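Please read the following alongside the sequence and the model, taking one part of the chain at a time.

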Amino acid sequence: PQGIGSPSVYHAVIVIFLEFFAWGLLTAPTLVVLHETFPKHTFLMNGLIQGVKGLLSFLSAPLIGALSDVWGRKSFLLLTVFFTCAPIPLMKISPWWYFAVISVSGVFAVTFSVVFAYVADITQEHERSMAYGLVSATFAASLVTSPAIGAYLGRVYGDSLVVVLATAIALLDICFILVAVPESLPEKMRPASWGAPISWEQADPFASLKKVGQDSVVLLICITVFLSYLPEAGQYSSFFLYLRQIMGFSSESVAAFIAVLGILSIIAQTIVLSLLMRSIGNKNTILLGLGFQILQLAWYGFGSEPWMMWAAGAVAAMSSITFPAVSALVSRTADADQQGVVQGMITGIRGLCNGLGPALYGFIFYIFHVELNELPMPESPSGGSVVTQYHLQQNSIIPGPPFLFGACSVLLALLVALFIPEHTNLSVRSSNWKKHCGSHGHPHSPQAPGEAKEPLLQDTNV
């Protein structure tokens with residue numbers, strides 16, 4: 001097979017690290033270019049750009065996953081990385097084209113789905129969770145380090161060098177896939193021709209969501225995930241812009257915030273999560289995570305000083321235990337042949353939130369007139385930036401309205417989660433799903449059909 005050596009998890013890890021390291025370098029320059037390009041409706045336009053990208057990713061992920069089952073993983077790794085990184089050099093060439101291409105690139109911004117499928121091809125079932133954890137940890141590590149490096153290089157040498165460096169790393173990633181990454185899907189598992197049929201059910205992004213109401217426990221879990229992840233997705237899309245332009249954080253402070261929050265989240269999702277699951281149980285861990293998320297969002301909403309943002313960030317790290325706890329609850333209570341179906345529902349809902357959340361946050365910022373009427377100015381004699389002082393004079397009661405909306409949404413999620421039983425058997429009536437998997441699964445696959453499809457349903461936002 002083309003590539004260096006036999007397929008391994010380390011090939012997937014390097015692909016993920018290089019892609020997200022390149023984008024992490026651009027964290028600070030993107031915030032500046034976004035405000036300069038859309039000075040009047042910065043938050044609204046940011047929400048629309050990220051919302052369109054998220055919705056396109058949600059719609060295209062099942063199709064790309066199904067096609068990679070037929071045509072192989074390597075070609076789709078190349079395709080997704082190329083189109084995801086295509087906007088990077090446009091940042092300095094044409095900001096308008098940069099944001100337009102970012103929106104459209106959502107169609108191919110599903111590298112994680114293909115990477116998880118790649119890992120599933122080359123690992124046994126008992127090795128898979130550790131391999132997924134390694135991929136996710138690599139993603140987190142790239143985002144912990146790269147924003148700080150990008151902010152430093154931008155301050156010392158200018159943003160142009162950062163864009164050139166990010167473009168070079170993206171090209172290195174593409175070359176690595178072309179030269180070094182071997183195909184993981186065995187030839188015997190692929191049809192002889194590229195004309196193999198792909199059914200609509202395989203490519204239908206709403207296929208898993210249609211089964212949500214067929215079991216009351218599944219319905220409760222899915223409503224909880226939707227109400228808690230909708231504000232989280234919106235927060236991810238706009239929070240660093242909010243810190244930079246409204247709270248007066250410098251580029252270095254934003255990068256440090258990302259790094260500290262990333263490290264605390266990794267600790268929370270490993271050591272703290274395991275201790276809580278053993279001591280207070282699965283359901284109570286979910287409730288505790290939702291409680292931390294409510295506190296964090298309320299603090300972001302009412303916070304008007306930088307130290308409040310740092311304190312709320314520490315709470316945000318603890319709230320990151322919610323989704324792993326939900327996934328664990330599902331995996332423990334669902335039947336073996338239902339794992340892919342139920343996980344697919346949850347991941348589908350999160351994908352939908354990745355599109356709706358950013359647009360909703362941008363719209364709420366717009367409704368409450370949280371806008372930037374002037375460019376960030378140098379520090380004033382009293383210590384804060386002019387933008388920060390202007391903003392707080394205009395919105396002294398509620399500095400961040402969308403975060404308060406998010407806190408209310410998570411409160412509803414907490415009330416719904418109270419009714420989820422601690423121990424139960426999830427039984428989704430999925431005869432059509434099983435029949436479909438059986439008719440389109442690979443005859444030589446060593447895995448059951450549901451297991452073969454499960455990695456393609458993993459969350460693409462980690």
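G281, which lies just after helix 12, takes a positive phi of about 95° in this predicted model. Helix 12 itself runs through residues 251-279, a stretch of 29 residues, and from its first C-alpha to its last it reaches 40 Å, which is close to the 42 Å expected at 1.5 Å a residue.

Is S103 buried or exposed? Its relative accessibility is 11%, and because buried means under 20%, S103 counts as buried. When the neighbours within four places in sequence are left aside, the residues in contact with S103 are I49, V52, K53 and L56.

The last stop is a pair of helices. Two packed helices are described by the angle between their axes and by the distance between the axes. For helix 4 (residues 73-85) and helix 9 (residues 159-179), the axes come within 10 Å and cross at roughly 170°. Angles over 145 degrees count as roughly antiparallel, and helix 4 and helix 9 are therefore roughly antiparallel to each other. On the side of helix 4, the residues that take part are K74, L77, L78, V81, F82 and C85, and these meet A170, D173, I174, I177 and L178 in helix 9. Sorted by kind, the residues of this contact between helix 4 and helix 9 comprise nine nonpolar and two charged ones, with no polar residue.

Definitions and conventions: Residues numbered from 1 in each chain as written. Predicted model: local features only at pLDDT ≥ 70, side-chain atom pairs only at ≥ 80, totals over all residues. Heavy atoms only, no water. Helix = DSSP H or I, 4+ residues; strand = E, 2+ residues; numbered from the N terminus. Expected span 1.5 Å × (residues − 1). Buried < 20%, exposed > 50% of the residue type's maximum accessible area, 1.4 Å probe, protein only. Contact = heavy atoms within 4.5 Å. Axes fitted to C-alpha atoms, helices over the stretch in contact; angles between N-to-C directions. Parallel < 35°, antiparallel > 145°, perpendicular 65-115°, else oblique. Nonpolar A, V, L, I, M, F, W, Y, C, P; charged D, E, K, R; others polar.
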